[in-house]
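Open your viewer and get ready to click. This tour says what to select next and what you will find there.

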Amino acid sequence: MATVTPSAAAPVAASATPQASSGQAAANAHPHETTDGFHLVIEALKLNGIDTIFGLPGIPITDHTRMIQGAGLRMISFRHEQNAGYAASIAGFLTQKPGICLTVSAPGFLNGLTALAHATTNCFPMILISGSSEREIVDLQQGDYEEMDQLAIAKPLCKAAFRVLNAEDIGVGIARAIRAAVSGRPGGVYLDFPAKLFAQSIDAAAGKASLIKVVDAAPKQIPAADAVKRALDLLKGAKKPLIVLGKGAAYAQADADIKALVEKTGIPYLAMSMAKGLLPDTHELAAGAARSYVLPEADVVMLIGARLNWLLSHGKGKTWGGKDHKAWGHQKFIQVDISPQEADSNVKIDAPVVGDIGSAVSALVAAIGSSWTRPPAEWTGAINERKTKNIAKMAETLARDPSPMNFHSALNVVRDIIKANPDAMLVNEGANALDFTRSIVDMYKPRKRIDVGTWGIMGIGMGYSVAAAVVTRQQVIAVEGDSAFGFSGMEVETICRYNLPVCVVVMNNNGVYKGTDVDPTGRDPAPTVFVKGARYDKIIEAFGGVGVNATTPAELRRAMEEAIRSRKPTLINAVIDESAGTESGRITSLNPSVKKK
Ligand code: ADP
Ligand code: TZD
Ligand code: MG
């Protein structure tokens, strides 16, 4: 570790640039070069391979955003911090480097905090850096500009939180933040930088020496040999084995080993939403189209980077063949996860394999060797039978061409477009707009589908789209419910400003879930309903993007193909039958009034 030079015990109230303090230096017999907090932060991030910052300027970070850009880093400036934060969180997921979000104090910090909590919940590495007000005034609650004890507020919502008061500690602060974000189970980290820190001057050489290039930030965690053996023994005895791939498996970038594990064992697999495409959804062992058959029927389930949370019905209940909503379905579970505390969180895990997925899956593949007996044909045959039937049924629905368009006829187009452009990034949010896209649109490559994640959150759409375009440079297609789009819609200006290849498709069914509700008193619009026939395509035209109103699948197809050909920022208002959706999409059962019955 580098040493910290105690040079600037009494911080100088310097102006933004080190050159500006040269008046003081000139008065000195032996002028020496100084640097400041602004520059040390930038240098520390650069030293650790960070090349992009997502944020929004204002006191005390306006100059910082300028200097970041001046120093050659990419400074992507948003219209609302929450969207910058979501962008940072998904950049972390896609790159395994912490995504950085930079905000102003109190309100900007709080806007970014939702995204930081989201990153932590989803196990995405992210660092929220917020400027903050004068500590002396904040701590005495004397009413400073944007006064707030940000560190205390951030702490329960993230994996770690640090405050840096002295410029010579910036290197340590950033190193700790990076380690905390990416090591073990990844998550969100908060860094509190009071305004004074940015302007503090210290000796340039001492400042440089205080920076830390983090060595091995996310160390491999090799699973114990007996844990690997226990897992394989259990798997070998299974008559109806199943693998569940989660977004932790996608994050791990162990794509070849995961493919080898599935193909060598011949075990059918389910891909959770953001794990779709780890193997192509059209793979012969993909069991997604027979989900409601395989979950209750399986006898041994190997979870790889997937938690048994609500998205998997907590590993019990009717989904898993249990007698009632809380009863265990008698599956045995193997869980491959980096967090040693994840096992047994919902049901008993018979064989936890604690390690990073890269190391764990390669150890499993190595231990399998060449003498593996594939699962009984009755199991794979029964799955294939259901799959074939369900796929044929879906093909029939997709082939219909109703007027107005419905989710199926519109998404049939998106399905074809992704098939023809498998490198495109698919961003997806909404209720019906989410659920139907997930089940209809096949993914062919890893980490191409990014969506509402563990919380089922609305508002990730445009932030994710910006980050996906900036980080991957691929075409982005965002399939958005009209409600979902509204949470981040203003960022179409950001998309136009940076001229990003993003094609937003708003599935416009006039509201939340559908557009048919009415106020029983006849006074106001119903709470779930929006302006009928709204033209979302006009929004992007205000910023020079391409807007298209599509009322048929043919119009939608033409507009999407043109967007991909031109790579121009595009927003397509896809007019969907307002009665086509169902309440809450696939999770109607979670509504309290349904539970009451
Ligand atoms: P999904 O929503 O797709 O089911 P979850 O977010 O519930 O996935 O689960 C992701 C899991 O992956 C978390 O338990 C997390 O600890 C784990 N994880 C994340 N990265 C890694 C990694 N590199 N190695 C092992 N486990 C990981
Ligand atoms: N607020 C936030 C931040 N997240 C949420 N998930 C919700 C509110 C509640 N919610 C859902 O769970 S889905 C949804 C809301 C408001 C919007 C559904 O409408 P949509 O999709 O137009 O986006 P469909 O296609 O009409 O179902
Ligand atoms: Mg809608």
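Start with helix α12 (residues 247-251), which gives three residues, the largest share of the shell around ligand 1. Helices here are DSSP runs of H or I with at least four residues, strands are runs of E with at least two, and both are numbered from the N terminus.

Some ground rules before the next click. This is a predicted model, where local features need pLDDT of at least 70, side-chain atom pairs count only at pLDDT 80 or more, and totals for chains, interfaces and linings use all residues. Residues are numbered from 1 along each chain as its sequence is written, chains are lettered from A and ligands numbered from 1 in the order in which they are written, and side-chain values use heavy atoms, with hydrogens and water left out.

**Stop 1: ligand 1**

Select ligand 1 and the 20 residues around it. A residue belongs here if one of its heavy atoms lies within 4 Å of the ligand. Arg-185, Lys-247, Arg-307, Asp-337 and Ile-357 come nearest. Colour the shell by class: nine residues are nonpolar, six polar and five charged. Ala, Val, Leu, Ile, Met, Phe, Trp, Tyr, Cys and Pro count as nonpolar; Asp, Glu, Lys and Arg as charged; the others, Gly among them, as polar.

Now look for polar contacts, here pairs of N or O atoms within 3.5 Å. A polar side-chain atom of Arg-185 sits 2.8 Å from an oxygen atom of the ligand. Arg-307 also has a side-chain N or O atom 2.8 Å from a ligand oxygen. At Ile-338, pick the backbone: an N or O atom there is 3.1 Å from a nitrogen atom of ligand 1.

**Stop 2: the magnesium ion**

Which residues coordinate the magnesium ion (ligand 3)? Select Asp-482 (OD), Asn-509 (OD1) and Gly-511 (O), at 2.0 to 2.1 Å. Donors are N, O and S atoms within 2.8 Å of the metal (3.2 Å for Na, K and Ca); water is not among the atoms, so sites may look incomplete. Along the sequence, the donor residues are spaced D-x26-N-x1-G. Asp-482 lies in helix α20 (residues 482-486) and Asn-509 in the loop between β17 (502-508) and α22 (537-541), so the pair ties together parts 27 residues apart in sequence.

Is Asp-482 buried or exposed? Asp-482 counts as buried because its relative accessibility is 3%. Asn-509 is buried too, at 3%. The cut-offs are under 20% relative accessible area for buried, over 50% for exposed, and partly exposed in between (1.4 Å probe, protein chains only).

**Stop 3: ligand 2**

Gly-456 has a backbone N or O atom 2.8 Å from a ligand nitrogen. A polar backbone atom of Ala-433 is 3.0 Å from an oxygen atom of ligand 2. The protein buries 76% of the 600 Å² that ligand 2 exposes when taken alone.

**Stop 4: strand β14**

Finish with β14 (residues 425-429), where five of five residues are buried. Met-425, Val-427 and Glu-429 point one way, and Leu-426 and Asn-428 the other. Five bridges join β14 to the parallel strand β16 (residues 476-481). Glu-429 faces Glu-480 in β16.

Notes: A polar contact is a pair of N or O atoms within 3.5 Å; within protein, one must be able to donate a hydrogen and the other to accept it, and residues adjacent in sequence count only if both atoms are side-chain atoms. Accessible areas come from the Shrake-Rupley method with a 1.4 Å probe; for residues, only the protein chains shown count as cover. Two strands pair if DSSP finds at least two bridges between them.
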